[in-house]
Amino acid sequence: MLIGYVSDENYLALAGVLVEFARDGAIVAQAASTASGAIVADLQPGEYRLTLAMPGFGAKHLTATLPAQEPLQVRLLSDALTGFMWPKWVRSGETAELRVHSVAPYRAELFRYGLRKEPVELLGWFDEHGPRAMAQILPDEDFSQTGVRFNTVGFTSPGHVRRLAGPQRSGLYYMHIHNERGEFFSFPWVVAPAAAREPIAVLAATNNWNAYNRFGGRSNYINESGLPPTPTVNARQDLARYRIGNSATQTADNDVYPPLSFERPEPDCFVGLDVEAADPMTGRLASSLAPGLWRLLAWLEREGFGYDLYSDAQVRNGELDLDAYRVLLTEMHPEYWYAEEYDAVRDWVQRRGGRLMYLGGNGADCEVEHVDAGRGRYLTRQPDRDRPQEAHLESRFHRTHEPQARLLGVTFTHAGEGTAAPYRVLDADHWAFAGTGLRNGDLFGTHSMHERVPGGASGHETDKRTPSTPPGFVVLAQGTNPGNGGAELVYRNLPGSGGEVYSVGSMTYIASLLVDEGVSALTRNVLNGFVGRAPRAAG
């Protein structure tokens with residue numbers, strides 16, 4: 001009889017897991033999972049208590065009536081140190097819960113990540129009387145949809161859980177976790193102000209962080225339409241992304257895609273203990289997630305700009321009062337936006353004189369549907385441009401809402417994807433270049449901290465103008481990427497409202513801010529102009 005399958009937190013099949021079946025207090029059978037993670041045993045129908053154990057993973061019990069209507073999906077959590085704050089974003093003074101999985105006693109300390117890592121608060125050491133008492137247990141389900149529910153099994157006393165209030169100073173905070181096994185893990189926490197304090201608001205792309213988070217075996221890029229019936233044995237052989245191609249997997253109707261929970265650890269937001277803001281950006285996703293945001297915030301602090309930080313959700317629910325700010329900045333890869341978030345920013349710019357600096361690439365490319373406080377559903381169906389009724393669609397966001405070029409001026413295209421190069425100045429007489437020393441034809445953005453796609457400030461994924469780009473956008477510079485794939489750096493002034501948009505259209509632009517004087521000087525010029533800190537030259 002096939003009982004079910006056993007897999008780890010990433011839905012990888014676990015072979016050799018020992019399984020014990022007990023009934024009426026007596027052990028009646030034993031088995032070990034096969035290479036595919038299958039659990040097979042010859043059992044009479046009825047209710048059983050299963051105990052599973054494997055070195056390197058937390059053992060667990062569960063009760064099941066066998067045979068089940070569908071094979072059980074049993075999930076074991078590896079012994080690797082991990083954790084997150086919940087909620088992952090708060091306002092100053094609001095509380096969040098520390099949720100950590102550690103098989104050994106651990107030490108937690110909060111830091112603020114700006115130009116430097118500033119220690120904020122030592123939370124102390126955490127342990128309990130029982131063995132492995134700080135280890136967590138995974139739900140036996142697709143918890144990428146429901147959340148991992150850390151701190152629920154066995155955390156019965158208020159003293160077992162540590163809560164802390166958001167610091168008074170807004171910013172990107174990181175929790176540092178060390179345990180007695182010598183492991184280290186870090187994870188981000190977005191703290192917004194209780195009320196606006198600075199002229200600049202920065203938007204953390206928390207929807208994007210979640211879209212790429214594969215903890216649980218699902219993200220918006222693998223198993224996006226739901227976990228398959230059997231765990232992964234070999235990703236290149238088993239996952240549709242590699243068997244048929246990612247563009248072919250994102251073609252189902254949007255109601256097919258289950259939600260993705262924010263209530264999961266985010267391993268790719270990890271920052272190493274000794275890494276500093278000016279160090280190279282290592283790792284595949286540093287350009288997309290919190291480590292990339294950190295580099296923008298470090299540059300702002302180096303240049304003396306005060307800012308308040310917000311999550312996507314805090315724009316959607318109105319906690320970010322856009323009218324209290326002069327400028328809104330995006331980070332490297334704000335790909336996934338709520339429609340309500342987009343509309344709020346668009347109306348602020350186009351009707352009420354807001355100033356937007358879009359400092360990333362492939363932005364607002366896909367709509368996120370709010371499900372509840374802990375989950376979002378990604379409307380990820382790609383336009384089928386072979387169908388006449390969809391041939392005009394420029395993005396997933398265009399398909400469900402409107403073309404993002406109406407706000408940003410540019411939209412991602414695949415030309416230049418995976419390359420990086422400097423920008424070339426095209427309109428040196430524009431006020432944005434005043435005092436930079438840059439002239440038409442000059443290159444800037446030659447230096448970059450980006451290690452995944454090195455080569456310059458125009459890169460990785462780049463945006464260009466489209467038929468939906470409104471009149472008034474002027475091209476200040478263009479990336480020199482091969483195949484005419486360079487990002488178009490554009491500017492627009494809206495005389496009616498006084499709103500302004502500065503769009504760089506590149507995921508590697510921020511990776512140059514701290515190390516390339518041309519990129520830094522141009523961005524500083526524009527930001528000074530937008531906040532009214534310096535007069536603008538003619539042109």
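This is a predicted model: local features need pLDDT of at least 70, side-chain atom pairs count only at pLDDT 80 or more; totals for chains, interfaces and linings use all residues.

How many of the five residues of β16 are buried? Five of the five residues in β16 (residues 200–204) are buried, so the strand is largely enclosed by the rest of the structure. In a regular strand the side chains alternate between the two faces of the sheet. In β16 both faces are covered, with Ile200, Val202 and Ala204 buried on one side and Ala201 and Leu203 buried on the other.

A further set of strands forms an open sheet of three, in the order β8-β10-β13, with antiparallel pairing. Its edge strands are β8 (82–86) and β13 (163–165), each of which pairs on one side only. On average, neighbouring strands of this sheet are turned by 25° against each other, direction ignored. Between β10 (residues 95–101) and β13 the antiparallel pairing extends over three bridges, and Thr95 stands opposite Ala165 of β13.

| Strands | Sense | Bridges | Facing residues |
|---|---|---|---|
| β10 and β13 | antiparallel | three | Thr95 and Ala165 |

Helix α8 (residues 339–352) comprises 14 residues and spans 19 Å from its first C-alpha to its last, which is close to the 20 Å expected at 1.5 Å a residue. Its buried residues are Ala339, Glu341, Tyr342, Val345, Arg346, Asp347, Trp348 and Val349. An α-helix has 3.6 residues a turn, so residues three or four places apart point the same way. Just after α8, Gly353 adopts a positive phi of about 80°.

Turning to the cysteines, a search of the whole structure finds zero disulfides. The sulfur of Cys269 lies 18 Å from the closest cysteine sulfur, that of Cys366, which is too far for a bond, given that a disulfide requires sulfur atoms within 2.5 Å. Cys366 is likewise in no disulfide, the nearest cysteine sulfur being that of Cys269. Are these two cysteines buried or exposed? Cys269 is buried, with a relative accessible area of 1%, and Cys366 also counts as buried, at 0% relative accessibility.

How values were computed
Residues are numbered from 1 along each chain as its sequence is written. Side-chain values use heavy atoms; hydrogens and water are left out. Two strands pair if DSSP finds at least two bridges between them. Helices (H or I, at least four residues) and strands (E, at least two) are DSSP runs, numbered from the N terminus. Axes are lines fitted to C-alpha atoms, for helices over the stretch in contact, and angles run from 0 to 180 degrees between N-to-C directions. Buried means under 20% relative accessible area, exposed over 50%, partly exposed in between (1.4 Å probe, protein chains only). The expected span of a helix is 1.5 Å times one less than its number of residues.
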